[in-house]
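Dear colleague,

I am handing over the structure we spoke about, and below it I have set down what was found.

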Amino acid sequence: MDGPSPPQPPLPAPFTHTHPAPTLLTQGAEALLYCTYFLTPSHPCALKYRPSKPYRNPILDKRLTRHRILSEARTLVKCRREGVSVPGVLALDAEGDGVSGGWMMMEWVEGKTVREVLVAGAKRRKEGRDDEDGWEEGVTALMGKIGRAVGRMHEVGVVHGDLTTSNIMLGPLAAPQQNGVTTNGEHMEQVGEGLGGEIVLIDFGLAGQSLQDEDKAVDLYVLERAFGSTHPEAEEGFQEVLKVYEESYKGAKVVLKRLEDVRMRGRKRSLLG
Amino acid sequence: MISLGLEGSANKLGVGLIQHPKSGGPAAILSNIRHTFVSPPGEGFLPKDTAKHHRSHVIRLVKQAIKEAGVKVEDIDCISYTRGPGMGAPLQSVAIAARTLALLWNKSLVGVNHCIGHIEMGREITGASNPVVLYVSGGNTQVIAYASQRYRIFGEALDIAVGNCLDRFARTLRISNDPAPGYNIEQMAKKGGCLVDLPYAVKGMDCSFSGILASIDILAEKLEKRKGEGEKGWRDEGTGELVTREDLCFSLQETVFAMLVEITERAMAHVGSRQVLIVGGVGSNERLQEMMGIMARDRGGSVFATDERFCIDNGIMIAHAGLLAYRTGEVTRLEDSTCTQRFRTDEVFVKWRD
């Protein structure tokens with residue numbers, strides 16, 4: 001993203017008095033993600049603040065914000081309990097003061113998003129430094145890990161609702177570095193360029209609990225389209241996600257069958273395939 | 001270079017002439033005229049009546065467009081026409097007109113994707129270089145971003161288009177279709193203010209409108225039934241005010257537009273763009289433009305929208321997109337000059353962009 005960074009709405013209390021002040025990491029579509037600390041400065045955490053959206057009708061806005069914060073927290077707690085790799089919930093306020101929105105605090109996740117990793121990789125390949133580190137194999141292994149993580153999440157009855165490559169984190173390969181987190185966001189730089197590490201699913205803002213094949217298939221479809229639209233070069237690698245997903249739990253085959261229906265459903269999709 | 005564009009994928013018949021200067025620079029719009037088939041209140045436009053409308057007006061419109069442009073037939077380089085997507089019968093009648101003109105005047109034909117026409121015209125008029133595009137009309141609802149020579153669809157309607165949802169609710173209320181049902185709903189919504197509860201159906205990056213339409217149709221029926229009760233009629237729980245038809249239009253707009261702005265914002269966050277371009281007939285709705293403007297401003301960006309001349313289906317956008325393709329050497333041979341109801345935005349190879 002270029003140009004000056006977008007203006008941010010002020011944080012609600014109690015974060016108005018946090019010292020040092022929370023650092024903004026990303027401005028997503030729905031929420032702002034800050035790096036701050038929980039209780040003591042040595043305990044880093046992520047703060048997800050959902051400001052009210054001035055474009056929306058206030059009644060509709062409040063209804064959506066409250067519903068989303070609560071369902072996100074419930075889903076994360078459930079994933080944690082069932083052993084899906086997600087950040088744990090530390091604290092939340094779904095109502096806020098009724099004007100400025102609500103927030104939720106989560107455990108800090110080390111690493112980079114899969115999107116960042118793939119974009120950086122594609123750039124290096126373009127510059128002709130492609131075959132330096134077994135990139136292809138690394139991507140295939142990464143896809144497999146994504147397939148397994150998504151499979152495990154679906155197995156316990158959770159659907160993500162916005163499964164894009166920006167919402168899948170790749171943790172660092174080695175043990176977490178000491179003082180890996182600084183409040184000025186430099187921790188990003190300290191993580192290696194590799195493809196190793198553990199997959200952590202983040203941003204459950206649109207997630208829900210569902211056992212329906214339809215919802216799970218839509219999850220996979222969204223991920224597939226995210227690959228197609230932002231990483232066209234990794235589109236073939238997506239087959240590996242589906243392959244590992246298929247073997248990851250019992251109901252996976254039915255979901256993949258359903259995925260074919262979902263693909264055909266977009267309006268005016270070519271009938272020839 | 002000059003291109004004549006013919007558009008007739010739905011109930012508007014449009015003819016336009018555009019000129020791209022040899023030296024580059026902005027395109028010159030020589031003429032852009034349109035004739036709309038308006039159906040009676042409570043009814044939609046049927047394919048066969050719409051096709052008949054197009055057939056009976058196309059000759060007059062072409063003559064008028066050329067006269068207004070002040071060019072001679074010899075000056076025209078190519079005839080661009082809408083290849084799809086759209087309604088079959090209207091598309092066919094316009095394709096026949098395009099083929100006839102091409103044979104009569106010995107010109108090249110260029111078949112154009114209707115959605116690409118909207119996007120390229122919007123970019124040309126507003127000067128937005130690489131925006132996330134929200135294409136909203138009676139037949140299409142898509143969030144589009146450009147990558148590697150294709151306009152890629154990020155999110156879209158899973159069932160009916162947003163404009164179709166609005167049009168059909170106008171039919172339920174038996175509002176006039178003149179100048180357009182959506183426009184009349186917009187005017188009524190300005191007088192409403194109480195928000196009734198409707199489903200909010202965003203699914204991944206996509207949205208769904210048919211359930212919302214079914215819900216609001218039920219509410220309209222409830223309102224009609226309790227109309228006779230006067231003061232004891234249906235009151236809003238929050239405000240205690242009597243619910244009106246205007247409130248229903250207001251609630252429908254607020255809900256569906258919030259969904260559209262939300263998926264657009266998500267696409268912007270994902271591709272890292274700060275520009276939004278709204279195209280298509282629903283894009284001329286001022287409330288949608290306002291909501292999108294607030295969202296874009298809060299992200300430090302801006303919204304680009306055009307007025308009804310370019311938002312609503314028109315011939316000039318087909319002429320423009322056709323000429324862009326023609327300049328890269330693309331020509332549709334007579335035997336390939338078909339039309340199709342299904343023609344996805346991402347099927348087109350965009351040769352004219354980097």
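Strand β2 of chain B, which spans residues 12-19, is mostly covered, since seven of its eight residues are buried. Please keep in mind throughout that this is a predicted model. On one side, β2(B) pairs with strand β1 (residues 2-7) of chain B in the antiparallel sense, over six bridges, and within this pairing Gly5(B) has Gly16(B) in β2(B) as its bridge partner. The two strands β1(B) and β2(B) form a hairpin, with four residues lying between them. Strand β2(B) is also joined to strand β3 (residues 28-36) of chain B, by eight bridges and again in an antiparallel run; here Lys12(B) has Thr36(B) in β3(B) as its bridge partner.

How do the axes of helices α3 and α10 of chain B cross? The axes of α3(B), residues 114-126, and α10(B), residues 315-327, come within 8 Å and cross at roughly 90°. Angles of 65 to 115 degrees count as roughly perpendicular, and α3(B) and α10(B) are therefore described as roughly perpendicular to each other. Where they meet, α3(B) contributes His114(B), Ile116(B), Gly117(B), His118(B), Glu120(B), Met121(B) and Glu124(B), while α10(B) contributes Ile316(B), Met317(B), Ile318(B), His320(B), Ala321(B) and Leu324(B). The residues of this contact divide into seven nonpolar, four polar and two charged.

**Annotated binding-site positions**

An unreviewed UniProt entry carries the annotation "binding site" for several residues of chain B, among them Gly138(B), Asp167(B), Gly182(B), Glu186(B) and Asn285(B).

Asp167(B) is placed in helix α4 (residues 162-172) of chain B. With a relative accessible area of 19%, Asp167(B) counts as buried, because the term applies to values under 20%.

Asn285(B), by contrast, is placed in the loop between β11 (275-279) and α8 (286-298) of chain B. Is Asn285(B) buried or exposed? Its relative accessible area is 5%, so Asn285(B) is buried.

With best regards

Conventions: Residues numbered from 1 in each chain as written. Chains lettered and ligands numbered in written order. Predicted model: local features only at pLDDT ≥ 70, side-chain atom pairs only at ≥ 80, totals over all residues. Heavy atoms only, no water. UniProt positions renumbered as here; feature names shortened; annotations may be inferred. Buried < 20%, exposed > 50% of the residue type's maximum accessible area, 1.4 Å probe, protein only. Axes fitted to C-alpha atoms, helices over the stretch in contact; angles between N-to-C directions. Parallel < 35°, antiparallel > 145°, perpendicular 65-115°, else oblique. Contact = heavy atoms within 4.5 Å. Nonpolar A, V, L, I, M, F, W, Y, C, P; charged D, E, K, R; others polar. Pairing = 2+ DSSP bridges.
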